[in-house]
Amino acid sequence: MLARSLGELARLVGGDLEGDPSLEIRGFASLESAGPGDLSFVAADRHLSAARLSAAAALIAPPGFDLGGRPAIRVAQPYTAIAAILPVFFPQPVVAPGVHPTAYVADSARISPSATVSAFAVVGERSIVGDVAVLHPHVFVGPDCQVGEGNILHPHVVLRDHVALGRRVIVHPGSVLGADGFGYVFDGQAHRKIPQVGRVVVEDDVEIGSNVTVDRATLGETVIGRGTKIDNLVQIGHNTVVGPDAIIVAQAGIAGSCRIGRGVVLAGQAGIADHVTVGDGAQIGSQAGVHRDVPAGAGMIGTPAMAGGEGLRALAAIGRLPELLRDLRALSRRMAALEQRLEMGRGPAGRG
Amino acid sequence: MLARSLGELARLVGGDLEGDPSLEIRGFASLESAGPGDLSFVAADRHLSAARLSAAAALIAPPGFDLGGRPAIRVAQPYTAIAAILPVFFPQPVVAPGVHPTAYVADSARISPSATVSAFAVVGERSIVGDVAVLHPHVFVGPDCQVGEGNILHPHVVLRDHVALGRRVIVHPGSVLGADGFGYVFDGQAHRKIPQVGRVVVEDDVEIGSNVTVDRATLGETVIGRGTKIDNLVQIGHNTVVGPDAIIVAQAGIAGSCRIGRGVVLAGQAGIADHVTVGDGAQIGSQAGVHRDVPAGAGMIGTPAMAGGEGLRALAAIGRLPELLRDLRALSRRMAALEQRLEMGRGPAGRG
Amino acid sequence: MLARSLGELARLVGGDLEGDPSLEIRGFASLESAGPGDLSFVAADRHLSAARLSAAAALIAPPGFDLGGRPAIRVAQPYTAIAAILPVFFPQPVVAPGVHPTAYVADSARISPSATVSAFAVVGERSIVGDVAVLHPHVFVGPDCQVGEGNILHPHVVLRDHVALGRRVIVHPGSVLGADGFGYVFDGQAHRKIPQVGRVVVEDDVEIGSNVTVDRATLGETVIGRGTKIDNLVQIGHNTVVGPDAIIVAQAGIAGSCRIGRGVVLAGQAGIADHVTVGDGAQIGSQAGVHRDVPAGAGMIGTPAMAGGEGLRALAAIGRLPELLRDLRALSRRMAALEQRLEMGRGPAGRG
C-alpha cells in the first residue's frame, strides 16, 4: 500500500498546505469515487458542490475556492499538480531490459543493453535502439531506423525503414510511421506510383496516439516537431512539417506538403488541404476544413474555414436560414403590394 | 453439402410456410446470385421485381408481398429470420481450444482449458481468459486484463493493461483498447503529460469493429455499455460512457468525458465534443458536429448540430444561398427605386 | 555509389536532352536540398525561382520553362519522368524468397517458392501465396485466401478468411481486409448480429494505404476494382464496389452497398452514405457528405453535397450570412418606414 503525508505531497507540487501535514493519503481519485483515505481535486468552480459532497480526505484546489475547511493543497494550476502526483500513486510497472527470446533482431542492429525488446518484436538491419527504450510486443522496426533514448513503442507499432525518432518519444499501439505517401501520376491509362523515397523524422518529446498514420516524404522528410502531441486515428501526409508543440486532436487529417506552425491546435476531425501553411499559434476548430493559408494566431472554424468571431456568427446563421427565407419572401410580397398600390395610385382608375 | 428442407427452415425462424415443406434448400444467396437450390429474401417492395427475376427456389418475405406463387417463408422481420438462417448455411469454423506453442503466456495468467490462444498471441501477467474465448493470432493482452467467456478477439487486437471485457464481446482486427487518453497541461514551456491511470470496461454483447480506438480513463473508467455496436475506425475518448445498446457508425468520434445514452445512434463521421451528454434514443446524423447536450429522443444534423426537421430545412437552404443573395439585391434595388420615386413625388419638381 | 549519365536518364524517360549527355548524375533530390551532383525537377512555373536558386546539376522540366541554360531533360509530364527515375537512385531492397523459420504456415497452404513469408507471419489453411509475393513480418493471412503474384503485404496487414487479391496489389501496414460488415437487426430487445458471410475481392494493381478497413460482404462480394488507389484510414463498407481506377483520399468513408464508378476521385474526409451510386469520373470534394446518387462526371462539394460551381457559390455565401442578415433587417426597416409613410399619406392627418 502506497501512502504519503499531505505535507509531503504539498511540497512535491509546490503548493500551500491547509490542514494537518501528517494526514495520511493512500490514493488519488475523482471527486465521485474518492474514499476517506484519498486525495482528490477540483479545478473549476462548477464542480465545487461535487467537491463538498466528496468523501475525499483532502483536495487539490486553486486559492480562493471555498472547501468548507477540508484539508487542501492550494495551487494555481491543479492539472500541473495532478500530473506530478499521479505517478506517486500509480507507478508505472518497471520493464526489465533485454531482448526477449522470441524477438527477432537483425544481426546488424544495435540494441542498447538498457533497452527492452519484447516478445515477437522485430528490429531490422542497421537499426539502432537507444538507452532505456522499450519496444513492446509485436513492434516492427524496419531497417535503418533510429529508436531514441527513452522511447516507448507500444504493442503493434510499425516503423518502416529510415524512420528516426528523437528522445522520450511515445507511440501508442497500431500507429504506422513511414509508410508510402499517396502519390500517383495518371499517364492516360493508369495511375502510376511515384516512388516515395523520403523518410519520417520525429523530434524529442513527441507523443503519438493509437492507429495514427504518418507517411514518409516523397523526397526529403516528413517532420513531427519537438513536443507535439498527436491523438488517435490522425493522418499526416507526406512532406508535411508539424510543430513544435502542436496539438492534433483525434481523427484530424493533414494532407501532404503542409507547414503546421509552433503551438498550433487542430481540433478533432479537422482537415487541412495539401500545401497549406498554418501559422504559429493558430487554432483550427473541430471538423473545420482549411484550404488556404492561415495567419499566425488566427482561430478558424467551419468548412470552408472562416475566422473565429465571424465564423461563429456565420455558422449560427445557418440555423436561421429557413426563417431568413420566410422573411425575404414576406418582404418581397410587401414590396409587390407597395409597387402595385403606387402604380394604381397614379393610374387613371386609382382609388388612392 | 449442407441441405435443409424448407419446412425445417420455416420452423427455425417461426415463419409461415407457403409451398412444399419437403423442398430441399442447399444454400442462401442474394436475389441476383441465387441459384435453383437456394433460398433468398426480399425485405422491401422496391426489390419485388428483382425477386420475380431471381432463380431462387424459395424466398423469405413479409406477408402480403406478391411472389407469384413461389415457395416462401413469410415472416414480419426478414432480417431477423436471415440472422437465424445464415449460420445454418455458413457455419463458422470450429476453433480448437488450447494454447498454440508459439503463443507467449505469462506464468501468472489464467487461461480456461476451453479457450484458444493462437499463434504469436501474448497474454500478460495476472490476466484471465474465460471459457471458450478465442484469441486469434498476434492478439496482445496486457497485464491485469479480463477476457470474458465467449469473447472473440480477432488478429492484431491490442488490450493494454487493466482492460475488462464482459461476455460474448467481439473485437475486430487492429482495434486498440486501453491506450492512454489524450491529456496534457501546458506549463508555459511544454505540454506535460497527465498520466492516464484509469481503465476500460466493455460490457456483455458489445461488438467493436476494425482499427477502433477506445482510450483508458484518466482516473476511473471508460465504459462501453452492454449490447453497444461500434463500427470501424471509431474514436472513443477517455472517461466517456457509451450505451447500452448504442450504435456508433464508422469513423465517428466521441471526445472525452461524454455520456452517450441508451440506444443512441451516431451516424458515420459524426463528432461529439468533450463533456457532452447525448440523451437516450437520440439520433445524430452523419458528419454532424455536436457541441452541446442533446435531449433524449432528439434527431440532430449538421455542424453545429441542429434539431432534425429544422436542421434539414437549414441545410437544404444552404444550396439556395446564391439565389437568396440575388433576391435580396434585387429587392434592395426595388426599394431604392420606390424610395427615390416617393422622394420625388413629394418634392417641388414632382412629376407624379 | 549509384551514378548515371544525363543522356542515359533522358533516354530512360524519353525526354529531350539539353546540355552535355555525359554529365554524371549521382542522386535525385528536391530543388531545395539538391547538391551539385544531383538531378532535380520543376513541374510548375511558380517554382521557377527556386529552380534558378537550386544547386542541382540538371533539371527535369517541361519544354519552354526558362532554366537559364542549365542542363535539362525536357518532358511534357515531369511526374511521369520522376516515377521512372526515382527507382534508379533509390532501389528498393531485394527481399530474399523463402519462409522465415518463425513464420507459421498451415499445412494445407501453398506458398510459391519465389514468395517471401517473413518473421511471425501467419498463413491459414488452404490459402495460396503467389509468385514473388512478399508477406512482411506479422502479416496475418486467414484461411482460404489468395495472395496474388507480386503482392506486397506490409507489416501487420490482416486478411481474414476468403479474401482474394489480384496481381501487384500493395497493402500498407495495419490495414484490415475482410472483417465483418456492420449489420444488425433490432429484435425489440437487442441488436442481433446478421452474420457476414461474403468476401472481399481486390483486383490487379490496387494499392491500399495504412490502417484502412475494407469489410467483407454480408453475402456476395465487396470489390476494389483494378488500379484503384486508397489512402490511409479509409473505410469501405460491406457489399460496396469501387473503381476501377478510383482515387480515395485519406479518412474518406464509403458506407455499405455503394457503387463508386470508374476513375472517381473522393477527396479527404468525404463520406458516401449507404446504397449511393457515384457515376464514372465524378469528383467528390474534401469533407463532402453525399446522400444521393451522383451523375457521371459531376463535381460535388459540401454537406449535403452540391454540384460544383453552385456548391462553391453556396459555401462561399455561408461566410456572408451575418452581413446578409443585417441587410435583410435594414431592408425590413426601410419597408416599414415606406409603408407607414404611405399609410399616413392617405389618412386624414397626413402630413404628406
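Buried means under 20% relative accessible area, exposed over 50%, and partly exposed in between, with a 1.4 Å probe and protein chains only. This is a predicted model, in which local features need pLDDT of at least 70, side-chain atom pairs count only at pLDDT 80 or more, and totals for chains, interfaces and linings use all residues. Residues are numbered from 1 along each chain as its sequence is written, chains are lettered from A and ligands numbered from 1 in the order in which they are written, and side-chain values use heavy atoms, without hydrogens and water.

Now the backbone. Most residues other than glycine have a negative phi, and most peptide bonds are trans. Gln287(A) has a positive phi of about 65°. It lies in the loop between strand 37 (283-284) and strand 38 (289-290) of chain A; strands are DSSP runs of E, at least two residues, and helices runs of H or I, at least four, numbered from the N terminus. Gln287(A) is buried, at 13% relative accessible area. Arg313(A), in helix 4 (residues 308-318) of chain A, is exposed at 51%.

In chain B, a cis peptide bond joins Gly243(B) and Pro244(B), with omega about 15°. Pro244(B) sits in the loop between strand 30 (241-242) and strand 31 (247-248).
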